[in-house]
Amino acid sequence: MWRWVRQQLGFDPPHQSDTRTIYIANRFPQYGLYTPQKFIDNRIISSKSLEHSSQSQILEPLVLPLPQYTVWNFVPKNLFEQFRRVANFYFLIIFLVQLMIDTPTSPITSGLPLFFVITVTAIKQGYEDWLRHNSDNEVNGAPVYVVRSGGLVKTRSKNIRVGDIVRVAKDEIFPADLVLLSSDRLDGSCHVTTASLDGETNLKTHVAVPETAVLQTVANLDTLIAVIECQQPEADLYRFMGRMIITQQMEEIVRPLGPESLLLRGARLKNTKEIFGVAVYTGMETKMALNYKSKSQKRSAVEKSMNTFLIIYLIILISEAIISTILKYTWQAEEKWDEPWYNQKTEHQRNSSKILKFISDFLAFLVLYNFIIPISLYVTVEMQKFLGSFFIGWDLDLYHEESDQKAQVNTSDLNEELGQVEYVFTDKTGTLTENEMQFRECSINGIKYQEINGRLVSEGPTPDSSDGNLSYLSSLSHLNNLSHLATSSSFRTSPENETELIKEHDLFFKAVSLCHTVQISSVQTDGIGDGPWQTNLAPSQLEYYASSPDEKALVEAAARFGIVFIGNSGETMEVKTLGKLERYKLLHILEFNSDRRRMSVIVQAPSGEKLLFVKGAESSVLPECIGGEIEKTRIHVDEFALKGLRTLCMAYREFTPKEYEEIDRHLFEARTALQQREEKLADVFQFIEKDLILLGATAVEDKLQDKVRETIEALRMAGIKVWVLTGDKHETAVSVSLSCGHFHRTMNILELINQTSDSECAEKLRQLARRITEDHVIQHGLVVDGTSLSLALREHEKLFMEVCKNCSAVMCCRMAPLQKAKVIRLIKISPEKPITLAVGDGANDVSMIQEAHVGIGIMGKEGRQAARNSDYAIARFKFLSKLLFVHGHFYYIRIATLVQYFFYKNVCFITPQFLYQFYCLFSQQSVGTAYRPSCVTEQARSLSRH
C-alpha cells in the first residue's frame, strides 16, 4: 500500500519491464483488460553541460532530463551553483560577518566586488540558457506530418506520441526514433546519413518489412493492424532489438526488427522522396537525447594548483588573524592599554563575554586581512584563457588549405595543459595515415598479384604462364562465355589450365563485388545496365559510398578488373562482367562486428546455387577454412603486412537446399528473439561461417600523412613518449611504425603477443623486464596485442607499467576502443601522474580522447565525431608540434605568471596591513580608506591582463 502511494506521488516510479509494446497508430485492443504503457512526450530539453562542452558522446542512459533554468528557479539555482565555488562562498561569509559585527572596513568593500562577479556570471549563464530555450522551442515546434484518423495532419514535433505514424520527406531530419514502415520505393528501402550523430558521412540503407513496404499511401497505412515489441530505450546508436506482429486476414505474421529498421532522431533522409515510420522512442528517450550526457569536466593542473594555493593562503589568513587577536589581548593585559583615557569602554562592553569578544575580534581581523584571497582570480583566469584561445584559430600555420580547415578550440580550460604533455597516445589509421585506401596487391588461390597501370600482374610464374606476367584483364577478354563459378573445389586449389585460372579470378572478384555494404547513387547508374561494359567509363559514371574506405577501394579495384558492382535493386545485387549483366538475389547479410572481425553475405546465383561469401581479418577467416591454398595465402598475408598494407581474406561456401533451409530457420529464430538476441545471432553466425573454401586475400595501402616522421621525432626530442594504439594486425602496425619513425632500426623491439594465460603473460613480462635491465641498448620499443593486453591489465598492471615506462615507444595493436581508454587511464593513475594527450580521427577513438587529460581530434575522412568530442581539433597530425611546442608553451608561461602575480600582489598588499597592526596596537585600524583595497585590487587586475 505504501509503495503504491509513493508511486502515485511520483517518489517511487513503478517497475519498468525490459520491453515495451507499441500499437501502431495507437489502435489499442478493444476487448479484454488492457492498461496502456505510459511514454514521455517528444519534447527535447537541452542540458546545460552539453551546451557548455559542445559535445555529445555515448554514455549510460539518462533516467530524467538534465536540469535547466526556468523563470521561477533561475535565481536560487544560479546562486547555489555560483556559491559552490570556494572563493565566492568565502567572500559571502566575509560580507555577512561585516554586516553582523563592527569591523574596520565597510561591508561594501567585500559586497560590491562579490556582487559584480555574481551578477556578471549570472547574466552570462542566463543569456546562454535563454539561447538554449529558444533552440529547444525551435526544435520542439518544428512542423511535422502525422497520420491520424485516416488523413495526414500537420502538427508540431513536440506533439508526436509513441505509436504515431510520421511522414518524413527528402532531406528532412527524423523528429523521433522511427521504425520504417514504407518508402516511395517498392522494396521499402531508404538512405539516411547519420553525420550529426556519429560523424559517419556515408549513406546507410534501411529497409522495411515486406508486409508494410507495400503500404505507400496514407489510405493503405490506415488499414494496418500491427504491434511492435521492442527493448526499452538505450544510448547505443547501433543496437536495436524488436519484432513486428502484423495481423492480416486473421493471421499473425512475425517479422524481426533490427538496427536496419530504426531511423534515429537527428539523422537525415537522403536520396528518397518520402518515408512513413512509426514512433517508438520520443523526446528524452530517443537515442540522440540519451547521448546528451556530457563527459566529466576536465581540469588543468594549474587550476588544481590554484585551489591548493587558495587553501594555503586561507591558512595564512587564519593564522594572521589568530596571531593578531592573541597579540591584541597580550598587549591589553596591561590596564593602561586595556582602557586608555581617549577610548573609554561602555558598560555593555565591560560586562560582555570574553569568549564572544575574542571571537568578534578574530572575525574583525579576518575581515581586515581578507584581501589576501583574490576574489577576481577566477574571473581573470577564465577571461585570459578564453581570449587566449583565439590565437590557435588565428594561426595560419595550423590552417590546412586543401580541406579549408583551421584549428578549432572546443574548450579553453586546458590551454596550459598543452605545454605540459608527457605522453602522447595516437591512433594510426586516419591520424598518422591519410585514410585513403588504394588497392595494391592480392593473393588468389596461392598466387600473388599486384596492380600495375590498371592491370593485375602476377609476381611469379603461374601454371600456364612461365613469363610471370599474366594479366587477368587481358586474359579475361578472350573468354566469350564466362561461367559465374566453378563448383569443383579441386581446380580451385590446383588449376590446370588458363580457363580455370580465370574462373578463380572471376569468383574471387565477384566475392569482392558482392560481400560489402557499399552504396551507389541511383542517378549515376542510369544507362549502365544496358549495353556492353567499358572499363574506362567506371570513374566517370560510378561513385561508390562506403562506411569503410577499405570496402570502397576493393569494389573500385574489382570494377577496374572487369567485375563491376552497379548497385542494388530491391533484394537483387547487380554485377557486370565484360558487358554481361548478372543478378544475384541477396538472401541474408551477416553484419560485421568487432568480436567476429568478419562480415558475410548469402546470395542466390543466377543458376540457383546459394553461396556464402565471407570477408574479414585473416585471424578470423583462415581458422574457419578447410580448403584452398591456406598456407600460401597465410605467407602472402604476412608479406603484405610487412609492407605496411592492410589485409583482408576472402572465402566462400556453397549450401545445399537442405542446409540453407536449416540456416534460414535458425537466422529467423535468432533475429525475432527479444531476449539474448545478440548471443543467439553470434551462435548462428558461427554455425554458418564454417567449412569455408579460401579464395585469397587483398592488400590495400594507406599512405602516411605529410611530415609525420618529423613530428614524432620532435616529440621524442622534447622528452614526450609516443604510444600508437591501433586495431590493425601486428605486422602491419610494426611496419607503419618503422616507416613513420615511431620505431627505428637501432631500437630493440620487444614483443608481448599471443599470450593465452595469466601465468604465461606474467612470465613473459618478467622476461621483458630482465631484458631491459640486462641489454645495453639505449632505447627499447614494445609491441603488445589486444589479447595479451587484456591479460596484462587483469592482474599484472604494475609489472606491465614497469616494462612500458622503460620503453621509448610502445605500439598496441588489435585493440578495441575501450582498451585504448583503459591504457590511458592506467598511465593517468600511475604514481607519477603524468599529463596525457590522445589523438584520433574516428568514432572508435572517442573513448580515449575523453579519457586523456587533453583530447585532440583530427578532422579526417571518418566523420567528425572525434573532432566534436575533443578539446582541440586540427586537420593534420603535423600541426601537433606547433600546438604543443609554441601555443602550449606560451599558454603555460602566461597562466603561470598571471597566477603567481595575483598571489604575490595580494601578499604584498596585505603584509603592510599586518605590520601596521603593531604600530596601531592591534586596534584593527585599516592602513588606508575602506575602499582602497578594492580599488587597488581592481587596478592590479586590469594591469595584469596587458
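Analyst: **Salt bridges, pair by pair**

Glu574 counts as buried, because its relative accessibility is 14% (buried means under 20% relative accessible area, exposed over 50%, and partly exposed in between, with a 1.4 Å probe and protein chains only). Its partner in a salt bridge is Arg583, and the closest N and O atoms of the two are 3.2 Å apart (the term asks for a side-chain nitrogen of Lys or Arg within 4 Å of a carboxyl oxygen of Asp or Glu). Arg583 has 47% relative accessibility, so this residue counts as partly exposed. Elsewhere, salt bridges with shared partners tie Arg148, Arg161 and Asp164 into one network.

A word on what you are viewing: this is a predicted model, where local features need pLDDT of at least 70, side-chain atom pairs count only at pLDDT 80 or more, and totals for chains, interfaces and linings use all residues. Residues are numbered from 1 along each chain as its sequence is written, and side-chain values use heavy atoms, leaving out hydrogens and water.

Now to a pair within that network. Arg148 and Asp164 meet through their side chains in a salt bridge of 2.7 Å, N to O. These partners link distant parts of the chain, 16 residues apart: Arg148 belongs to strand β2 (residues 143–148), while Asp164 sits in the loop between β3 (151–156) and β4 (165–169). Strands here are DSSP runs of E with at least two residues, numbered from the N terminus. Arg148 is partly exposed because its relative accessibility is 25%, whereas Asp164, at 2%, counts as buried.

The next pair joins two strands. Glu701 and Arg440 form a salt bridge between their side chains, at 2.6 Å from N to O. Glu701 lies in strand β28 (residues 692–704) and Arg440 in strand β16 (residues 433–444), so 261 residues separate the partners, and distant parts of the chain are linked. Glu701 has 26% relative accessibility and therefore counts as partly exposed. Arg440 also falls in the partly exposed class, because its value is 31%.

Technical notes: Helix = DSSP H or I, 4+ residues; strand = E, 2+ residues; numbered from the N terminus.
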